[in-house]
Every structure is written in structure tokens, then in C-alpha cells.
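I opened the model to look up a few local features. My notes follow in the order I took them.

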Amino acid sequence: MKLEISDSWKPNLQPEFEKPYFQELKTFVKSDYEQHNCYPPESEIFMAFNACPFHETKVVIIGQDPYHGLDQANGLCFSVHDGIAHPPSLKNIFKELESDINKQYPESGNLIHWAKQGVLLLNATLTVRAHEAGSHQNMGWETFTDSVIKIISEQKKDVIFLLWGGFAKKKSKLINTNKHTILTSGHPSPLSANRGYWFGNKHFSKTNMVLEKNGFLPIKW
């Protein structure tokens, strides 16, 4: 696994890269990519960081696992490559955008334009074996991404964390709420959304209201 990661993140993350758990994680990921089809492509494992520099990060969305279907995952949580059919959770995200800010349902499911505006689209686990959900969990990625959340909480201020679903909500304990804003709701997956836990959360308009109150440009969702 190549550590191709933005220079803006390196000073904060270098201590993690040197820890024994991360060395073991690198060995595991390298081996699994050699033996199996894994996602996202190796060059996109750290896309969340490379598309969203540390100093520009103002919103964090936390996902769980990369998509494990053919050519879906692109290193950004909930996002897919251009031309790929939108997975159910992403469809519900776009439906909420339609009702919340009257944005027309987009053709592409690639969320890189969010990332380039300061939205860190962070999966808790950054890699997965093809067609095997959760196959790279508990190998060290969660330790690494928890450290990322803590570093953002400690080093920055006025960041908005969007925690969707029970898994993401557990990350709230890593965040200093005296310095940052947390918005929570159900997960956009159909199971949660159809029970009324997702639609109507208005997280996109609420995020922009907080950003503007804190003197930041709103996100063009």
C-alpha cells in the first residue's frame, strides 16, 4: 500500500504511520490487494485526504465501509465513480438534497466536488475486498480513522461533523463539542430512511447556516 497522501495531512498523520498497528495494516492491505480484487483502486485509498486538504477541512461526513461492488468505491464515503449507478444510500442523500435545498437530482454520484470545498468524506475503514462487505474491518483502519477524527477535533475549530446512523454517532465521543458542531440523524440507507430517521434532517441547509455564522463560505452541494 502506497502512502500517497496530501502534504497538508502528513505532519499530523506521520506519527500514526509509524506506529506498529499501521505497519501491520499496511502489510495486510498490500497482501490482500495482491491476492484479491479490492476496492477502491490503490491510488484512491487516501482520496478523502488528497481531495480535501487539512487546512481547508470544515465539514466531516463519516461513513463505515467502502462500496464493495464493481468499480463503485472511489475513496470518498457514499461517493461512486462517474457513470456508476447510484447505490441506495446515495440516492436517499440526493433525495434529501432535493427537498432540503431544492437541488436538482444529480446525474453523477461522484462527490469529489464536495471534498474540494472542504468536506472530508471519511470512511472508518478505507479498503474492502470485492463483494465481501466488512472484510477489512478490525485490521487497524478504525484505529487510524479514529485518530484522524481526534486530530481534527484537537487541531482545528468550528468543524461540522455529520454523524449519520448508529455507527457514526459513536464517534461523537472523539469530538470536542465546545469547539465543534455535531449534527446527527438516522442513516440514509433504505432501512433507516424508510422508517423516518433520515428524510427531513435538513443537514445540508443547517450545515451552511453554521458555516456562514462562523464566517466560512457555504458548501455548493
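I took a disulfide to be a pair of cysteine sulfur atoms within 2.5 Å. By that cut-off I searched the whole structure and found zero disulfides. I then looked up Cys38, which is in no disulfide; its nearest cysteine sulfur, that of Cys77, is 20 Å away. For Cys52 the closest cysteine sulfur is also in Cys77, at 11 Å, too far for a bond.

A note on provenance: this is a predicted model, in which local features need pLDDT of at least 70 and side-chain atom pairs count only at pLDDT 80 or more, while totals for chains, interfaces and linings use all residues. Residues are numbered from 1 along each chain as its sequence is written, and side-chain values use heavy atoms, with hydrogens and water left out.

**Burial of the cysteines.** I used relative accessible area with a 1.4 Å probe and protein chains only: buried is under 20%, exposed is over 50%, and partly exposed is in between. Cys38 counts as buried because its relative accessibility is 9%. Cys52 is buried too, at 0%.

**Core.** I defined a nonpolar core as a set of buried Ala, Val, Leu, Ile, Met, Phe, Trp, Tyr and Cys residues joined through side-chain atoms within 4.5 Å. The largest one has 67 residues, and Phe49 is among those with the most contacts inside it, with Ile61, Trp114, Leu120 and Phe144. I listed contacts of Phe49 (heavy atoms within 4.5 Å). Leaving aside neighbours within four places in sequence, they include Trp9, Leu120, Phe144 and Val148.

**Salt bridges.** My rule was a side-chain nitrogen of Lys or Arg within 4 Å of a carboxyl oxygen of Asp or Glu. How many salt bridges does this rule give? The count comes to six. One of them joins Lys10 and Asp7 at 3.4 Å, N to O. Lys10 is partly exposed at 31%, and Asp7 is exposed at 60%. Glu34 and Lys30 also pair, at 2.8 Å. Both lie in helix 2 (residues 20–35), four residues apart, about one turn of the helix. Helices (H or I, at least four residues) and strands (E, at least two) are DSSP runs, numbered from the N terminus. Arg129 is buried at 18%, whereas Glu132 is partly exposed at 37%.

**Asp100.** I did find the backbone nitrogen of Phe204 at 3.2 Å from a polar atom of the Asp100 side chain. Beyond its sequence neighbours within four places, Asp100 is in contact with Lys202, His203, Phe204 and Ser205.

**Backbone.** I noted a cis peptide bond between Tyr39 and Pro40, with omega about -5 degrees. Pro40 sits in the loop between strand 1 (38–39) and helix 3 (47–51). Asn102 is not a glycine, yet has a positive phi of about 60 degrees; it is in the loop between helix 4 and helix 5 (112–115). Asn102 counts as exposed at 69%.

Note on methods
Polar contact = N/O pair within 3.5 Å; in protein donor to acceptor, adjacent residues only side chain to side chain.
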